[in-house]
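This briefing covers one protein chain, from its overall layout down to single side chains. The sequence and model come first, followed by notes grouped by topic.

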Amino acid sequence: MVNRVILIGNLGADPEVRTLENGAMVAKIRLATNENYKDKSGEWQSQTEWHDVIAWRNLAERAQSTLSKGAQIYVEGKLTHRLWDDQNGNKRKTSEVVANYFRIINKRDGGSNSSNYFPSEEPASMAASAPPSGDSMPSPKPEQPEPVASSTEAEDDLPF
């Protein structure tokens with residue numbers, strides 16, 4: 001079974017960091033992701049989703065010292081759900097991403113901001129071959145081509 005979340009988005013505020021009674025630090029990070037699409041009339045639309053990201057201990061300390069509102073970050077973690085009672089005693093449920101890794105992609109202080117990016121209308125094969133902008137993410141290892149089977153082997157392996 002797999003519970004893995006990967007997000008790339010912009011911080012909506014500085015991390016909220018606090019220290020618990022047992023001395024553990026926890027940071028709450030508000031992360032916005034955007035989905036861009038064309039509507040029926042051909043106009044570009046942008047839909048923003050907000051995510052609560054929680055970082056613990058050393059990761060919380062690092063978030064406090066390095067993250068600020070507007071920074072674009074890459075986050076990996078797991079999706080969790082938590083039940084709690086609000087001030088009026090009502091039961092509430094919260095979904096959060098508990099981070100186990102994050103990396104700053106860029107900051108908004110004069111650097112390039114990719115939040116205004118809309119997908120190009122180029123074919124996917126051309127867009128995929130474009131060089132990445134910056135070296136913030138490691139490049140994937142090239143895939144090894146699968147061996148080509150002879151025509152008789154390929155015909156024998158047909159599922160019908």
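Leaving aside its neighbours within four places in sequence, which residues is Val53 in contact with? They are Leu7, Ala27, Lys28, Ile29, Leu31, Val75, Val97 and Ala99, where contact means heavy atoms within 4.5 Å. The model is predicted, so local features need pLDDT of at least 70 and side-chain atom pairs count only at pLDDT 80 or more, while totals for chains, interfaces and linings use all residues. Residues are numbered from 1 along each chain as its sequence is written, and side-chain values use heavy atoms, with hydrogens and water left out.

**Overall layout**

- The chain has three helices and six strands; these are DSSP runs numbered from the N terminus, with helices being H or I of at least four residues and strands E of at least two.
- Read from the N terminus, the order of elements is β-β-β-β-α-β-β-α-α.
- Of the 160 residues in the chain, 26% are buried (buried is under 20% relative accessible area, exposed over 50%, partly exposed in between, with a 1.4 Å probe and protein chains only).
- Among contacts between residues at least 6 apart in sequence, 59% join residues at least 24 apart.

**Nonpolar core**

- The largest nonpolar core has 18 residues, of which Leu31, Val53, Leu67 and Val75 touch the most other members. Such a core is a set of buried Ala, Val, Leu, Ile, Met, Phe, Trp, Tyr and Cys residues joined through side-chain atoms within 4.5 Å.
- Two or more residues of this core come from each of β1 (5-11), β3, β4 (44-56), α1 (57-66), β5 and β6.
- The element that gives the most is β3, with four residues.

- Val17 stands opposite Ala27 in β3.
- Five residues lie between the two strands of the hairpin, where Gly23 takes a positive phi near 95°.

**Backbone at Arg57**

- Arg57 is found in helix α1 and has a positive phi of about 50°, although it is not a glycine.
- Most residues other than glycine have a negative phi.

**Second largest pocket and Glu96**

- The volume of the second largest pocket is about 290 Å³.
- Its lining comprises 13 residues, and the closest to the pocket centre are Arg18, Lys28, Ile54, Arg82 and Glu96.
- The elements β2, β3, β4 and β6 each give two or more residues to that lining.
- Glu96 is in strand β6 and counts as buried, at 8% relative accessibility.
- The side chain of Glu96 makes a polar contact with the side chain of Arg82 at 2.7 Å. A polar contact is a pair of N or O atoms within 3.5 Å; within protein, one must be able to donate a hydrogen and the other to accept it, and residues adjacent in sequence count only if both atoms are side-chain atoms.
- Apart from neighbours within four places in sequence, Glu96 is in contact with Asp52, Ile54, Lys78, Leu79, Thr80 and Arg82.

**Asp86 in the β5 to β6 loop**

- Asp86 lies in the loop between β5 (72-85) and β6 (91-106).
- Asp86 is buried, with a relative accessible area of 16%.
- The side chain of Asp86 reaches the backbone nitrogen of Asn88 at 3.0 Å and makes a polar contact with the side chain of Arg92 at 3.1 Å.

Terms used
Two strands pair if DSSP finds at least two bridges between them. On a 1 Å grid over the protein atoms alone, a cavity is a set of points where a 1.4 Å probe fits but cannot get out, and a pocket is an open set with protein on both sides within 12 Å along at least five of seven lines; lining residues have an atom within 4 Å of a point. Grid points are joined across faces, edges and corners, and a volume is the space filled by probe spheres set on the points.
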